[in-house]
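Subject: Structure for your files, with notes

Hello,

Please find the structure below. My notes on it follow.

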Amino acid sequence: PGDSRVLSGEIWDDLCETLREAGALVTGAGIPDSPLERAAGFRFLAQFLEAGINFCVTHADGDHPEFTRMIDLGMRWGLDSPDCLYLVASVNDASRYRIWGDAGSANHFDIQVNTGHYALGELASIRTLGSISGDELVASDSGEFELFVGGEKTPGNWIPSGPGARFLLLRQNFLDWERERPATLRIEKVGGSVAKPNLRSDQIAERLDLLRSWIEKGGGLWQSMSRGMLDLAPNSVVIYAPEDSAEHSGLKGQIYCQGNFRCAPDEAVLFEAVPPPARHWNLALANFWWETVDFVHRQGSLNASQAHIDGDGVLRVVIAHRDPGVVNWLDPCGHEAGTLILRFIRAEGKLPLPTSRVVPLADLEGELPAGTPRVTPEEREEILRRRRNALWLRYRR
């Protein structure tokens with residue numbers, strides 16, 4: 001029998017009303033209202049809708065799963081990492097799945113199975129049931145592997161599943177953007193049919209309701225988390241222990257150091273940290289909506305292979321609206337306030353709390369150590385060109 005809301009069109013009216021109300025995520029009280037911020041806000045909202053359609057509607061079938069982009073260059077959300085290629089596939093808890101292919105050569109590779117959904121607007125409702133890293137995968141010399149998810153434990157590569165299992169999340173973190181290559185993977189339900197039945201009216205109703213929740217509750221979640229970071233003291237950060245986030249779909253073994261930046265056009269923020277030895281680390285800026293700033297055409301992020309560490313072991317990064325001609329520059333892309341995140345994967349030892357201080361841009365030279373590496377405008381243009389080209393290859397543009 002047909003779903004009455006689908007047959008009458010009510011389901012679409014409900015979705016349109018949710019979208020109309022979602023404008024408050026951009027125009028509501030306490031939200032930046034300059035022309036630049038409004039443009040960024042509505043772009044984010046449109047791209048967040050695209051991500052929701054992809055995750056909640058198009059690829060929401062656990063009987064016929066497919067890996068798809070959870071985050072892309074044109075749909076960034078949730079304080080995404082510029083170094084990471086995120087793939088997601090829908091599953092269900094009654095099935096067993098086979099994943100196979102080429103693991104690629106990313107600096108760090110991790111697959112996890114999770115309950116819940118980001119559309120529900122509560123990270124606490126998402127629980128990680130199991131995961132496997134690239135270091136743990138048994139693969140051939142050429143990188144080929146086979147992995148099973150759920151069902152009875154089997155020899156070789158296996159991830160446990162359990163009640164409520166809903167999606168697989170694959171993270172590939174790239175350190176050398178130009179040389180490391182993404183995995184080429186396929187997924188299928190064990191014992192399932194390749195032929196896919198027609199979509200039922202109750203199924204599309206369920207998916208469109210999930211999309212409404214994605215916009216309303218999911219969008220509200222990321223904004224509330226961004227506001228929490230922005231409410232900290234200006235240019236400060238806090239550190240989250242890896243075990244706290246790893247239980248709720250965060251990357252296992254990753255330390256999240258989050259905070260904010262505030263930088264006027266005639267100022268520079270000097271961010272300083274002492275990175276411990278780690279498998280991977282990066283630093284990125286984000287706007288009010290917890291969307292990373294443009295890291296494709298602008299230098300909105302730096303990682304361990306792109307940044308310079310001074311002789312005293314300190315990472316000194318300059319956040320400024322004009323290029324100061326130093327290697328470690330982060331471009332806030334016109335945003336005078338926003339959030340930032342410093343991630344460490346498998347760090348050795350304790351991470352000292354990073355610090356930031358604001359200096360007049362005109363006085364920046366005297367605040368930097370002698371021997372700080374410089375770049376010319378021509379060298380900067382080449383750096384940006386290589387960043388863009390490497391990202392186009394990662395995302396197959």
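Which residues does Trp-214 touch, not counting residues up to four places away in sequence? They are Phe-48, Ala-51, Gly-52, Phe-55, Cys-56, Trp-77, His-117, Tyr-118, Ala-119 and Gly-219, where contact means heavy atoms within 4.5 Å.

First, the basis of the values. This is a predicted model, in which local features need pLDDT of at least 70 and side-chain atom pairs count only at pLDDT 80 or more, while totals for chains, interfaces and linings use all residues. Residues are numbered from 1 along each chain as its sequence is written, and side-chain values use heavy atoms, with hydrogens and water left out.

Overall chain

The chain holds eight helices and 18 strands; these are DSSP runs, numbered from the N terminus, with helices being H or I of at least four residues and strands E of at least two. Along the principal axes, the C-alpha atoms fill a box of roughly 75 × 55 × 35 Å. Of the 397 residues, 53% are buried (under 20% relative accessible area; exposed is over 50% and partly exposed in between, with a 1.4 Å probe and protein chains only). Among contacts between residues at least 6 apart in sequence, 78% join residues at least 24 apart.

Nonpolar core

The largest nonpolar core has 47 residues, and Met-70, Trp-77, Tyr-118 and Trp-214 touch the most other members. Such a core is a set of buried Ala, Val, Leu, Ile, Met, Phe, Trp, Tyr and Cys residues joined through side-chain atoms within 4.5 Å. Elements that each supply at least two residues of this core include α2, α4 (35-58), β8 (165-173) and β17 (337-345). The most comes from α5, with 11 residues.

Helix α2

Helix α2 (residues 10-21) has 12 residues and reaches 17 Å from its first C-alpha to its last, close to the expected 16 Å (1.5 Å times one less than its number of residues). Ile-11, Leu-15 and Thr-18 are buried in α2. Seen down the axis, the buried residues fall within an arc of 60 degrees, so they line one face of α2; the arc is that of the directions from the helix axis to the C-beta atoms. They pack against α1 (4-8) and α5 (201-230). Trp-12, Asp-13 and Arg-20 are exposed on the face turned away from the buried side.

Helix α8

Helix α8 (residues 377-394) has 18 residues and spans 26 Å, close to the 26 Å expected. Its buried residues are Arg-380, Leu-384, Arg-387, Ala-390, Leu-391 and Arg-394. They cover an arc of only 130 degrees around the axis, which puts them on the same side of α8. Their packing partners are β1, β2, β14 (301-303) and β16 (329-330). Glu-378 and Leu-393 are exposed on the face turned away. After α8 comes Arg-396, with a positive phi near 55 degrees.

Pro-82

Pro-82 sits in the loop between β1 (68-69) and β2 and is buried, with a relative accessible area of 0%. Two residues of α8 that are buried, Leu-391 and Arg-394, are among those that Pro-82 touches. Phe-295 is another residue in contact with Pro-82; their C-alpha atoms are separated by 6.8 Å, although the two are 213 residues apart along the chain.

Regards
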